[in-house]
2 protein chains.
Amino acid sequence: MSSLQEGDLILRGTRAPSRLQAARGTEKSAQGAEKPFQQVMDVSTGDPHRAGMKPVSFVRQVLAACVYPKLLDEKSLPLDARQRANTLLGVCSGRSVGSYSATAYGIPYVCKSVTEFIMRRDGGVSSNPEDIVISSGSTKTLLMVLHLMASGEGETRTGVLTPMPCPHTLPTLLNMAGLTLVPYQLLEDQGWAVELDELHRALRTTRGHCSPRAIYISNPGNPTGHVQDRKSIEEVIRFAATEGLVLLADEVYQDSVYGQGKESLSYKRVLFEMGKEYSKKVELVSFHSLSSACMGECGLRGAYMEAVNLDPAVMKYLRDAQAPSSPPVLPQLALEVMVNPPTPEDPSYKTYSQEILHSMTTLSQNAQRACEFLNDLSGIKCQPARGGIFLFPRLHLPPQMVEEAKMLGVEADVLYCQRLLEEEGVRLGAGCENGQVDPNFHIRLCVLAPSDTLDEILARLHSFHLRLLERFP
Amino acid sequence: MSSLQEGDLILRGTRAPSRLQAARGTEKSAQGAEKPFQQVMDVSTGDPHRAGMKPVSFVRQVLAACVYPKLLDEKSLPLDARQRANTLLGVCSGRSVGSYSATAYGIPYVCKSVTEFIMRRDGGVSSNPEDIVISSGSTKTLLMVLHLMASGEGETRTGVLTPMPCPHTLPTLLNMAGLTLVPYQLLEDQGWAVELDELHRALRTTRGHCSPRAIYISNPGNPTGHVQDRKSIEEVIRFAATEGLVLLADEVYQDSVYGQGKESLSYKRVLFEMGKEYSKKVELVSFHSLSSACMGECGLRGAYMEAVNLDPAVMKYLRDAQAPSSPPVLPQLALEVMVNPPTPEDPSYKTYSQEILHSMTTLSQNAQRACEFLNDLSGIKCQPARGGIFLFPRLHLPPQMVEEAKMLGVEADVLYCQRLLEEEGVRLGAGCENGQVDPNFHIRLCVLAPSDTLDEILARLHSFHLRLLERFP
Ligand SMILES: Cc1ncc(COP(=O)(O)O)c(C=O)c1O
Ligand SMILES: Cc1ncc(COP(=O)(O)O)c(C=O)c1O
């Protein structure tokens, strides 16, 4: 892909080269040609901490005291963090995060906290601990469900309706599970909205090819930034109900809806507010994760799924699927903190809410700023994002570059990203990884990064893009 | 199985009922019949922290500072723990344990530390980071390898030679991967030694039934406590070489060899000391884990495997197998500490070595004491353990009890364990779970527990066993 080293994939969010950066620069020039940048900045995936975003202090304080219980008596940690740690240690066997998780589907206490969060979020719609499965990352919970749906060959092979563009990991997951990807195109001109006619069209294409059993939705959209309104969600639910499809609602970015007038609405809530005709019938699995925008705790690897209306035998399978292994304990405790954060009467509330506000403000301002910036560049058109942490601008590339890519045997958006990486040390994602097969090219970037980091990335992208236009006038 | 609740599976290692225990006792009597015990003591699996063993302080101090980097400046943590945490944060993207692991097979720095540990352990035999794969638990690394070996149906279905008894999770793993378990019997009378003739016999039985491709060994033995000497390991290696079998060496308890005159010898070392004829040829995968005896960090979920002589394509598959997900970061950092503990010049060395010594002494004394105690009970015969954390005593059960079990449709060892749990609140493992199919019955117990906890368990077992003998004289 490129001549850069693994170790280069560190990004610091500061323009002044640190001593380490300077050392790396030297190393590089000793090894080969000098690069015009000190360090690779990678915003191709959703990994906010790598980009320099800070963790939520309360989460880390609680985890630290769980890991090293001597800290329970240290005044340096806030009282409520220590109390929470004490409570959480109480649900670990032997009061240690080093004991196996009580069950393969998650610590019952944490499952219960998750359901309480869901009920608060959804205006009281009930939620049962038996419907929760905790795992190490939503990539894994999703894969568990996909595996379960796999069956048949040829015409009878399970198909999953998949948005185009979709999260860049999804095609791999479908493939691993042995499922057929059935693409439905999102409407770029309408900010990547889901369109009912397109769902019907996509379904018709499956005739004689595969047996569609589920529809996957990412809302808020990865990588689109689209946020569905109630009407759109209702349409998808009715569609799933009529066509007998399982709804796979990837709601990992439910905590990051910032578009004006937009609200975060879960599929579960809308489903239950549509009445028993739907709420008793439609099979829904909703995914959430520590890799959410506000937490950004991707490396901890913790996630849950909530299942609605699944067959009890299927549910049993999902709850046993991780046995005889079990999910790590610490991420489960972090999940508990995520779904049950400090409340106004807690000492940590002020810091907690300031930190969340800061990261949400950074995110929404970055999204807007980056979108405007990109739209000012000739040959780039970016839909504004209303939620989530990505932008997915369209590239109108010079025909000569498209030709060159063809000759090199790569997609033109891949070539664009490769050149950008080599020349400017900025790693973006190529749209084709998100399953895009239309004649337009796209790039993907995560905008949840400190604002000066984003500035630097945009500045480098700017230089590169202008040079490109000069090269191919 | 029993009328006990999940929440009961907490064990405190003290005879005097704590306030919590007293509360639980009351709860129970309110819910149903009063039990003659306050709390269930579970030593059916290898989960030392659940049994009340303490974590190694240095490991937890480093992790705490990695989780909450403000602690890097706190004098309350030892300097070397903070320095280590600082180093480890340096190998995390964005200096956060919340960033995704750099690669799906593990952080390169940690892989490197693992190889340095292996080289020190094996007297300099070389070890390459490219041969290491890190995952969340050796149950998972093992399953990855098993999955890879699966192929064929009927006669051509992959078979794995499996010791009887074997770790109680292994039959499930083989089944999940679609492999045929080919049993070879360990010699109970010789302390559960591996016998070459028996390996040949087992292999002969596969003709026309399956296609044997690997042999699994647990050394030190789970649940047997057997430790192979060099000669025995050489025999197995020669057997694997001649028969073209992959060697799967589960060496999770390599840190706990305590039998007099016994040494901890890795399969890799012996293989390389047998000369190139073997070391260039035999395919070996060795497993190690944070769930080892001295660490006991089962709940963190961290493990590595080292592969020797595997086909590069196979190795590539194993390194990619976890993508697009990746192993949690924190357990990888804990692994680094496990393989690279404090050395004599470090401030934490004294505490570290005292803690390790304490747990090793507890383990070896417990193993010996429990073995003698069990052998004093009429109808129980226990082989002495030389390593590992389990004992696997044989039960000579009264014929009437065997009859009763038959009528109830359960194995007699299962019935024994059920009754023991119901009457005394002690959970042991039934030998049949370890794959034992011979006419003898066994029970499995983990002896890595605080010594007063073990006392209590043995006392309860004693009362139960005597009552049993009275009931069936
Ligand atoms: C829509 C979506 N789902 C799932 C994931 C993966 O989450 P996890 O880190 O929990 O596996 C991501 C992360 O990028 C995502 O964007
Ligand atoms: C022989 C053996 N291998 C593997 C394991 C499981 O290790 P992990 O917790 O790393 O999955 C155990 C734990 O009991 C074991 O005894």
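Me: How many salt bridges are counted between domain 1 of chain A and domain 2 of chain A?

Reply: This is a predicted model, in which local features need pLDDT of at least 70 and side-chain atom pairs count only at pLDDT 80 or more, while totals for chains, interfaces and linings use all residues. Residues are numbered from 1 along each chain as its sequence is written, chains are lettered from A and ligands numbered from 1 in the order in which they are written, and side-chain values use heavy atoms, with hydrogens and water left out. A salt bridge is taken as a side-chain nitrogen of Lys or Arg within 4 Å of a carboxyl oxygen of Asp or Glu. Under that rule, the count between domain 1 of chain A and domain 2 of chain A is one.

Me: What is the N to O distance in the salt bridge of A:R394 and A:E188?

Reply: Side chains of opposite charge can pair when their charged atoms come close. For the side chains of A:R394 and A:E188, which meet in a salt bridge, the distance from N to O is 3.2 Å.

Me: Which element gives the most to the side of domain 1 of chain A that touches domain 2 of chain A?

Reply: The domain bounds, from an automatic or database domain assignment, are 2-39 + 353-471 for domain 1 and 83-339 for domain 2. Between these domains of chain A there are 12 residue pairs in polar contact, both at pLDDT 80 or more; such a contact is a pair of N or O atoms within 3.5 Å, where within protein one must be able to donate a hydrogen and the other to accept it, and residues adjacent in sequence count only if both atoms are side-chain atoms. On the domain 1 side, α13 (349-376), β10 (390-391) and β14 (441-446) of chain A each supply at least two residues, helices (H or I, at least four residues) and strands (E, at least two) being DSSP runs numbered from the N terminus. The most, six residues, comes from α13(A).

Me: What area do domain 1 of chain A and domain 2 of chain A bury between them?

Reply: In chain A, 24 residues of domain 1 are in contact (heavy atoms within 4.5 Å) with 27 residues of domain 2. Buried area is the accessible area (1.4 Å probe) that two parts lose on being put together, summed over both. Carbon and sulfur atoms carry 58% of the area between these two domains, and its total is about 2,200 Å².

Me: How many salt bridges does the rule find across the interface of chain B and chain A?

Reply: At this interface, 55 residues of chain B are in contact with 55 residues of chain A, and the area buried is about 4,100 Å², with 60% from carbon and sulfur atoms. The rule finds 22 residue pairs in polar contact across it, whereas its count of salt bridges there is zero.

Me: Where is B:P220 found?

Reply: The peptide bond from B:N219 to B:P220 is cis, with omega near -10°, and the bond from B:N222 to B:P223 is also cis, with omega near 5°. B:P223 lies in the loop between β5 and α8 of chain B. B:P220 is likewise placed in chain B, in the loop between β5 (211-218) and α8 (230-243).

Me: Over which residues of chain A is the pLDDT below 50?

Reply: The pLDDT is the predictor's confidence in each residue, from 0 to 100. For chain A its mean is 92, and 93% of the residues reach 70 or more. The stretch of chain A with pLDDT below 50, which has 58 contacts in the model beyond near neighbours in sequence, covers residues 1-32.
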